[in-house]
Amino acid sequence: MSKAHLLYVEDDESLSFVTRDNLELSDFTVTHCQDGRSALEEIKKSDFEYDLCLLDVMLPGVDGFELARQIRDKNQDVPILFLTAKSLKEDRLQGLRLGADDYITKPFSIEELILKIEVFLRRNKVRPSSPAFDPRQIGDYTFELEKLQLQYKNEAPRRLTRREAELLCYLSKRRDQVSERGDILEKIWGENDYFLGRSLDVFISRLRKYLKEDPRIKIENIHGVGFSFVVGRA
């Protein structure tokens, strides 16, 4: 089995040396860039061969948020983890809105970092090589999981991120049932904690926006419990 290839962008020379060394000892292939501009150059000259991106937020030139935005323009699937000293909720939410998958706040343990990387790599590889199910009709929308597409009637399809698609799949398969927050986080994010709960709220808001053209579709808050995905009759 080929090694997972990580794009690691960090300007702290000492931290990046230690982190890269430990990642390579853990059998990852690591491409390290010291700033956002060199990372963008690396991305442009490659055919986006990375399995996961580790991005510092406070980078010289092009910061981690802008780098994540441009990565998402090029690839909707690759997991993006922010490594940052910023711990404010607003910073976390900004990154999540750009399509990042998680945050690890500095200082972090190498063991925690490697565990998170393995979780996201494992989850990203759980993709059907053949259709897991036929396109699903959700009200007036057609949802295709493998293509990461959501299409309203005959309009142009919307491209979803992998996590958006997984969450929509999870909820739509449990129509008219209560999906508990903890169960969703465990299933889609791999663990249940406070900040991931805020991430879930961001993704729920996104799905509501994507599905707003059909008023029959609702993702209802069940206070203190979770959400219910409802598709009313025409």
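Guide: Welcome! Two strands pair if DSSP finds at least two bridges between them. Please keep in mind that the model is predicted.

Visitor: How many bridges join S6 to strand S7?
Guide: Strand S7 covers residues 141-144 and runs antiparallel to S6. Pairing needs at least two bridges, and the number joining S6 to S7 is three.

Visitor: Which residue in S5 is the bridge partner of threonine 84?
Guide: Strand S4 covers residues 80-84 and pairs with S5 in the parallel sense over four bridges. For threonine 84, the partner in S5 is threonine 105.

Visitor: What is omega for the cis peptide bond that joins lysine 106 and proline 107?
Guide: Proline 107 is in the loop between S5 and helix H5 (110-125). In general, most peptide bonds are trans. The bond from lysine 106 to proline 107 is cis, with omega about -5°.

Visitor: Are H2 and H3 roughly parallel or roughly antiparallel to each other?
Guide: Helix H2 (residues 36-45) packs with helix H3 (residues 64-74), the axes being 10 Å apart and the angle about 10°. Gly36, Ala39, Leu40 and Ile43 in H2 meet Leu67, Gln70, Ile71 and Lys74 in H3. Angles under 35 degrees count as roughly parallel, so H2 and H3 are roughly parallel.

Visitor: And is the crossing of H6 and H7 left-handed or right-handed?
Guide: The axes of H6 and H7 come within 10 Å and cross at roughly 135°. That makes H6 oblique to H7. Arg163, Glu166, Leu167, Tyr170 and Leu171 in H6 meet Asp183, Ile184, Lys187, Ile188 and Trp189 in H7. The crossing is right-handed.

Visitor: What arc do the buried residues of H7 cover around the axis?
Guide: In H7 (residues 181-189), Ile184, Leu185, Ile188 and Trp189 are buried. They lie on the same side of H7, because the arc they cover is only 95°.

Visitor: Which residue follows H7 with a positive phi?
Guide: Phi of the residue that follows H7 is near 90°. This residue is glycine 190.

Visitor: What is the separation of the C-alpha atoms of arginine 181 and asparagine 192?
Guide: Arginine 181 lies in helix H7 and is partly exposed, with a relative accessible area of 23%. Leaving aside neighbours within four places in sequence, its contacts include Gly197, Asp201 and Phe227. Asparagine 192 is eleven residues away along the chain, and the two C-alpha atoms are separated by 8.4 Å.

Visitor: Does threonine 161 count as buried or exposed?
Guide: Threonine 161 is in the loop between S9 and helix H6 (162-172). Not counting residues up to four places away in sequence, this threonine touches Arg72, Gln76, Leu148, Phe203 and Arg206. Buried means under 20% relative accessible area, so at 8% threonine 161 counts as buried.

Visitor: What is the phi of aspartate 176?
Guide: Aspartate 176 is in the loop between H6 and strand S10 (178-180) and is exposed, with a relative accessible area of 56%. Most residues other than glycine have a negative phi. Aspartate 176 is not a glycine, yet its phi is positive, at about 65°.

Technical notes: Residues are numbered from 1 along each chain as its sequence is written. This is a predicted model: local features need pLDDT of at least 70, side-chain atom pairs count only at pLDDT 80 or more; totals for chains, interfaces and linings use all residues. Side-chain values use heavy atoms; hydrogens and water are left out. Helices (H or I, at least four residues) and strands (E, at least two) are DSSP runs, numbered from the N terminus. Buried means under 20% relative accessible area, exposed over 50%, partly exposed in between (1.4 Å probe, protein chains only). The arc is that of the directions from the helix axis to the C-beta atoms. Contact means heavy atoms within 4.5 Å. Axes are lines fitted to C-alpha atoms, for helices over the stretch in contact, and angles run from 0 to 180 degrees between N-to-C directions. Angles under 35 degrees count as roughly parallel, over 145 as roughly antiparallel, 65 to 115 as roughly perpendicular and the rest as oblique. A crossing is left-handed if the near helix is turned anticlockwise from the far one by less than a right angle, and right-handed if clockwise.
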